[in-house]
2 protein chains.
Amino acid sequence: MVVTPWEVRGKVDYERLIREFGTQPMSNELLQRLERHAGGLHLQLRRRLFFSHRDLDVVLDLYEKGIKFVLYTGRGPSGPVHIGHMVPWIFTKHLQDKFDTRLYFQMTDDEKFVVDDEANLKDTTALGYENALDLIALGFEPKNTFIIYDVQDIDMLYDIALEVAKRITYSTAKAAFGFQDSTNLGWVFWPAIQAVPCFIHKKLTGENVPALIPAAIDQDPFWRITRDIAQKLGYYKPAQIHNRFLPGLGVGGKMSASEPETAIFTTDPPEVVKRKVWHAFTGGKGTVAEQKKEGANPDVCSVYQYFLYLFEENDKKLTERERQCIAGEILCGDCKKQLTERINKFLAEHQQKREKARDTIEKYHIKR
Amino acid sequence: MVVTPWEVRGKVDYERLIREFGTQPMSNELLQRLERHAGGLHLQLRRRLFFSHRDLDVVLDLYEKGIKFVLYTGRGPSGPVHIGHMVPWIFTKHLQDKFDTRLYFQMTDDEKFVVDDEANLKDTTALGYENALDLIALGFEPKNTFIIYDVQDIDMLYDIALEVAKRITYSTAKAAFGFQDSTNLGWVFWPAIQAVPCFIHKKLTGENVPALIPAAIDQDPFWRITRDIAQKLGYYKPAQIHNRFLPGLGVGGKMSASEPETAIFTTDPPEVVKRKVWHAFTGGKGTVAEQKKEGANPDVCSVYQYFLYLFEENDKKLTERERQCIAGEILCGDCKKQLTERINKFLAEHQQKREKARDTIEKYHIKR
């Protein structure tokens, strides 16, 4: 198992990540507190997609005393957005709606340029714009949503990045990220840029509040080093809530744009979705007869994961699907057909909203 | 002897620096070419203050074929400007006037912040503005002079800095600058920012021409690594012309703001200048009688260095002063009195122009 901000490989053992990264598991007590404030428990919490945190309890303590928080998440624009990317964004939208709080969304076109030998800065910047359309299409309101494009907005970020960078030694960064002598200087500096949105709210508004970061657990090393220096700079430590990776449609591994046949992109047309889902890896048996007799295994099934994390809101129906699968009462073809329909229904709407977002995208940009 | 961009210590052996840094000594042939184009040889060239170069011959070859160059130099605003800082600026002005070419002047407020634990970003930025007044007071024209303030202008620098940073490994930077595990990330990244003005002219004007950098030799490691990647990025290698350090008024060592009694600041009032020069280290003898009999040694005299590099334009008069000193015909008190008068005359004018520069400083800032 390898889990770094730039590589996720092998079967991910989430319990082990909690131990190794030194994060906290999501407790029932925390879920209850979130449920109380939000008037319900979001699907991604109920189903433990968000399984770990740092200081979520502290953020809720402060919230209950009247000190709000801001949300911060982001995207490395290395390619088109797929459904796996949007899972934590959908949860972020839920938190924003329920807690009425501001979101800073960082589009890391600089990072994607420095970490990939082949990347071109014009391309990552253009992809940042295209990726932002997907965020906006999810219904975020410009009043509370601020998209930061690193290269374009560096004038707003650089002073805070310098404050951060000055307090992180190469040695600390090497230990957190595995930097080597062959790592380039842009990559070495970049963690300072990723730290900035944790702190930028104070600069923009004068208000000192903590940031809560919903993001996949591979990003945790960034927050670990940022947390170590936050208080020296006069800020709250940024808090995190960590999600699992949405698997791809292949055998294991997270959904990845680098394996396009196993990822559903937001711009995929219906027939492409159909083809990709049709070829998805499932827990089914070799023949129909066998499966009807012995049942299948939803635990290893990529199609089932999509119902679990995104496309079956109803808990009873999900449990029923699981039961039928194990009992051999439904076949993989049935699930694939239903999932294809749901994805295509979702994407048809999403693609319309995504195009409309071109008209409003500027409203999400911080004015200066 | 230690000579790095951040530390100059011990007796500087310039011949050894040429060998160790791998630069070229200034040849008579090059001086003749410069003389031909400039219609005369500047004092600082005649007296070999500029003693070494990289690719000055290439820049002159191109110039003779009709391809101009731009000038680039700068200042790390860690304190007030002293006369030692202005020596290469005065020469830069000469080159600008004679070759009618653009100057990019980098004010490295970011660097001075990250390399000094005690420094505060607000202070280094404010000092950058104050230091710029000294540059402008030397008579640079806004039409051809562009002052880059790193923090304020980072939006203009960052994309090129990323291109540079991506192509320099930590290993290369470690070898060039002596970075260690304890070096902070801001410092590690900074060489990429210092490289940007070598290349920015193309971005601003579309014109691809080489940069010629008049600067003290301690800055050479920056250009060494920048030269290695310039052509990969589609630019000419930046060329350099290196000056010696103007010594302080104490025993050896370069003039340094960290030893204020041995440095003449541009804002020093006449009585302070008088006191500092009066306490300067000279090559004089213990008693007047002894000195009249045996003569003194101008080679080690800090006061003589000031006549040599700045305050005696007339070569014959300088030679005569040297002769009189060695012969014991003038005493240190005489030289100190005359130097004090010349410095105070220069500073009286400079301080007026410096205050006037507050009205025009914005004209030197690149508009966007």
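How many residues does the contact take from chain A and from chain B? Select both chains: the contact takes 34 residues from chain A and 34 residues from chain B, where contact means heavy atoms within 4.5 Å.

Before you click on, a word about what is loaded. This is a predicted model, in which local features need pLDDT of at least 70, side-chain atom pairs count only at pLDDT 80 or more, and totals for chains, interfaces and linings use all residues. Residues are numbered from 1 along each chain as its sequence is written, chains are lettered from A and ligands numbered from 1 in the order in which they are written, and side-chain values use heavy atoms, with hydrogens and water left out.

**Stop 1: where the chains meet**

Stay with the two chains together. About 2,900 Å² is buried between chain A and chain B, and carbon and sulfur atoms give 71% of that area. Buried area here is the accessible area (1.4 Å probe) that two parts lose on being put together, summed over both. Now select A:Tyr158, A:Lys166 and A:Leu185. These three supply 28% of the area that chain A buries against chain B, more than any other three residues.

**Stop 2: chain A as a whole**

You'll find 16 helices and 9 strands; helices (H or I, at least four residues) and strands (E, at least two) are DSSP runs, numbered from the N terminus. The radius of gyration of chain A is 21 Å, close to the 21 Å that the globule rule gives for 368 residues, so chain A is as compact as a globular protein of that length. That radius is taken over C-alpha atoms, and the rule is 2.2 Å times the number of residues to the power 0.38.

Of the 368 residues of chain A, 57% count as buried. For residues, buried means under 20% relative accessible area, exposed over 50%, and partly exposed in between (1.4 Å probe, protein chains only). Among contacts in chain A with a separation of 6 or more, 77% come from residues 24 or more positions apart.

Chain A has 51 positive and 51 negative side chains, and the centres of the two sets lie 3 Å apart. Lys and Arg count as positive and Asp and Glu as negative, while His and the chain ends are not counted; each charge is placed at NZ of Lys, CZ of Arg, CG of Asp or CD of Glu.

**Stop 3: an enclosed helix**

Select residues 302–311 of chain A. This is helix α14, and 10 of its 10 residues are buried, so it is largely enclosed by the rest of the structure. Among those buried residues are A:Tyr304, A:Phe307 and A:Leu310. What do the buried residues of α14(A) pack against? Show α3 (43–46), α5 (83–99), α15 (315–327) and α16 (332–360) of chain A, and you have the partners.

**Stop 4**

Jump to A:Ile136 in helix α7 (residues 121–137). At 7% relative accessibility, A:Ile136 is buried. Leaving aside neighbours within four places in sequence, A:Ile136 is in contact with A:Ile147, A:Ala357, A:Thr360, A:Ile361 and A:Tyr364. A:Ile136 and A:Tyr364 are 228 residues apart along the chain, with their C-alpha atoms separated by 8.6 Å.

Then pick A:Ala215 in strand β8 (residues 211–216), which is buried at a relative accessible area of 9%. Beyond four places in sequence, A:Ala215 is in contact with A:Phe50, A:Thr73, A:Ile241, A:His242 and A:Asn243.

**Stop 5: two positive phi angles**

A:Arg48 sits in the loop between α3 and β4 (50–54) of chain A. Its phi is positive, about 55 degrees, although A:Arg48 is not a glycine, and A:Arg48 is partly exposed at 31% relative accessible area. Next, select A:Asp100, in the loop between α5 and β6 (103–107) of chain A. A:Asp100 is also not a glycine, and its positive phi is near 45 degrees; with a relative accessible area of 44%, A:Asp100 is partly exposed.

**Stop 6: over to chain B**

Bring chain B back and select B:Arg33, in helix α2 (residues 28–38). Is B:Arg33 buried or exposed? Buried, with a relative accessible area of 8%. Not counting residues up to four places away in sequence, B:Arg33 touches B:Asp57, B:Leu60, B:Asp61 and B:Glu64.

Finish on B:Leu34, found in helix α2 of chain B and buried at 5% relative accessible area. Beyond four places in sequence, the residues B:Leu34 touches include B:Met26, B:Leu45, B:Leu60 and B:Phe99.
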